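Visitor: I would like to learn how to read a model like this one. Where do we begin?

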Amino acid sequence: YYINYKLMKKKVKRYTEQIEVGTQNHHFVLKDFSRLLDYQIEKIVLFLLEKQGLLATRLSNLGEQHHALIQQSDGSRISELQEAYRAVGPELLRLLFFVEMNAIGIRKILKKFDKRFGCKFTDYYVKTRANHPYSQLRQVFKHVGFGAVVGAISHNLADLQDLQNNQGNYISIYDQPAFSHPDPVIDSIKSAVDRLSNSTNFLHFLGRHAFIMEEELPTPSEDECFEQRYHFMSLLLNLANTFLYMVNTYIIVPTADDYSLSLGAAATVCGVVIGSMAVAQVFSSVYFSAWSNRSYLRPLVFSSIVLLVGNTLYALAYDLNSISVLLIGRLFCGLGSARAINRRYISDCVPLKLRMQASAAFVSASALGMACGPALACLLQTKFKIYKLTFNEETLPGWLMALAWLVYLLWLWISFREPHFETKENLVPNEANAGQLANVTVENGYTQPLLMKIEAKQQDEDEDQERDDAEEDSQEIHKPVTSIVVACRLLTPSVKVQLFVYFMLKYAMEIVLAESSVITGYYFIWPISKVAIFLACLGLTVLPVNVIVGKYMTNIFEERQVLLASEIMVCIGILLSFHMFNPYSVPQYVGSALITFVSAEVLEGVNLSLLSRCMSSRLSRGTYNGGLLSTEAGTLARVVADGTITLSGYLGESKLLNSTLLPALLICVSSIIATCCNYNSLY
């Protein structure tokens, strides 16, 4: 009852030959392949419903025994009934693996068809089948009915445990969702369901926001490897690194313009001061990502030392009266950016069951650092000298971060545990199993083949072709990308659009943040403390906004609908920010900045969530992974935005606002057009 993947690959090959010789046209091929795939999915779904029905009948019979046991107050059969309920668990687990393997088979054959014929058949097929009221495809990808079976097993086991303990008070898992009976079978089922489900709750939404990609199907040996490599304190150190780096990025924003003036430069040079860190990060992301193939401790130590040096140079620039030292210090800070390491550690060393929580913690640490940076700048409003060193509102951010990185370096050296690195060999099927994709091993030792067995007699050509195809499939999943050129070739048009959207939102956010001190100083004569409070308030909106989007909006609307609506809101926020009428008021600036920033936050979460599903599985590992590509797109956007601020400064502070908003508006409109053109392919 599995999808006949071997037959469908042969069909694709035959279609290619028929079109080449001109015996068939594309219209017939699309129609015939659709019919074949419909039949395969129907076969899967009907078998699935049949098995679910058998499980339901079995649970119904057990329910009658359970009810009779309660009426008779017979405690001697409680253990027997508990074991009977637990025995349903492995059967359900096997059924979950059955669904998962078929879902992977469907995705792979659709990808293979698109690759051979150079068309977007997947977009058409998913759109027409998944949205139909009688959709069978939805049964496979949404796993309909499993929740009811899991619920029946869970609440009956909890009830029986209550009876066994003679507590006499009935506690329902439906009245108290937090109450559950700890049981290995239930834990295994929940883990499998969580892995299969495409949930949009807050935790999963934050996890996708971190854009830490996962491979399609980790094997039991890989799960065991993750358990061995996982170390809680090392994960905590990575999250601390993320937090400190975000604080380091934004702590200087409120005072960057005043620092530039103190060193004899124009206030708008703050764009270069802030952006120089992003320029260096473009390069540091690549070498840190490559370094993480061999070690995590050494690059983190190197990062901490470079950031310590960079912040010290930033603070010393005031007494040296050198804008060059200031910029070199910020460049060093960018060269110490280890966010690629932090993402990679979570992806490679955290077990699957904890990975989403770790990813959510990564996003939360970033958001908290973004808010704490300006808030700390607000508290550093003092001035004193020690020997020849000046400590004031401009230099204290550098000295404070230098001290923080020194403490972190000591903590890192003492507590971090380097995970074991081993070479992962690609699995190449041999002649005995060349016709199969994989075998799914379940805890009780049973295995289920994905494909039908190969017929006893085949021609040598077919065997060779099957072996080549199987090897190609294995390499497609396991082989990491080895160059940026190969990574770019793996990007589909919809992924390229999403990366452009990510570029746009980062550009808009950087414009709002980086020029805030100059704009508020020119129009409203705000002191540093007010600017810092304003930026801290913007940073504090990150987590509440993600709660609303992750828990509510994405459960009501499709993610692509939220994506397009957020882009439009960013555009509206930019339009409202223009200085078109005098006087330019505080409510107009604060309101428009809030709309732009919050809309960009919503857009970032949905955008990265879509990217994590659309990108090739080959981009989940290796140096040139999906996280690196998104980081580079965002960093490049910040560089361009900060450069725009500096160049616009030559026109004068009176024209700075409009001259920086105009390119932001053009980029935003372009991204909306690109999204509309690729709307149907965004799933």
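**A polar contact and its setting**

Guide: Start with a pair of atoms. A polar atom of the arginine 560 side chain lies 3.1 Å from the backbone oxygen of tyrosine 679. Keep in mind that this is a predicted model.

Visitor: Which helix holds arginine 560?

Guide: Arginine 560 belongs to helix 24, residues 559-577.

Visitor: Is arginine 560 buried or exposed?

Guide: The general idea is a cut-off: buried means under 20% relative accessible area. Arginine 560 has 8% relative accessibility, so this residue counts as buried.

Visitor: Now a loop residue. Where does alanine 338 lie?

Guide: Look between helix 14 (323-335) and helix 15 (339-349); alanine 338 is in the loop that joins them. Its relative accessible area is 0%, so alanine 338 is buried.

Visitor: Which residues are in contact with alanine 338, leaving aside neighbours within four places in sequence?

Guide: Asn241, Phe288, Leu300 and Ser303 are in contact with alanine 338. Tyrosine 245 is 93 residues from alanine 338 in sequence, yet their C-alpha atoms are 8.3 Å apart.

Visitor: How do I read a helix, say helix 12?

Guide: Check span, then axis. Helix 12 runs over residues 270-291 and has 22 residues. From first C-alpha to last, helix 12 reaches 32 Å, close to the 32 Å expected at 1.5 Å a residue.

Visitor: Where does helix 12 bend?

Guide: At valine 282, by about 30°.

Visitor: Let us step back to the whole protein. What does the overall picture hold?

Guide: The protein has 27 helices and four strands. Of its 683 residues, 53% count as buried. The accessible surface comes to about 30400 Å², and 61% of that belongs to carbon and sulfur atoms. Take the contacts between residues at least 6 apart in sequence: 83% of them join residues at least 24 apart.

Visitor: What is the mean pLDDT of the protein?

Guide: The mean is 80, and 77% of the residues reach 70 or more. Among the elements, helix 17 (residues 396-415) has the highest mean pLDDT, 96. Strand 3 (residues 439-441) has the lowest, 36.

Visitor: Over which residues is the pLDDT below 50?

Guide: Residues 424-461. Beyond near neighbours in sequence, that stretch has 67 contacts in the model.

Conventions: Residues numbered from 1 in each chain as written. Heavy atoms only, no water. pLDDT = per-residue confidence, 0-100. Helix = DSSP H or I, 4+ residues; strand = E, 2+ residues; numbered from the N terminus. Contact = heavy atoms within 4.5 Å. Buried < 20%, exposed > 50% of the residue type's maximum accessible area, 1.4 Å probe, protein only. Areas by Shrake-Rupley, 256 points an atom, 1.4 Å probe, with all protein chains shown as cover. Expected span 1.5 Å × (residues − 1). Bend = angle between axes of the 7 residues up to and from the residue. Polar contact = N/O pair within 3.5 Å; in protein donor to acceptor, adjacent residues only side chain to side chain.
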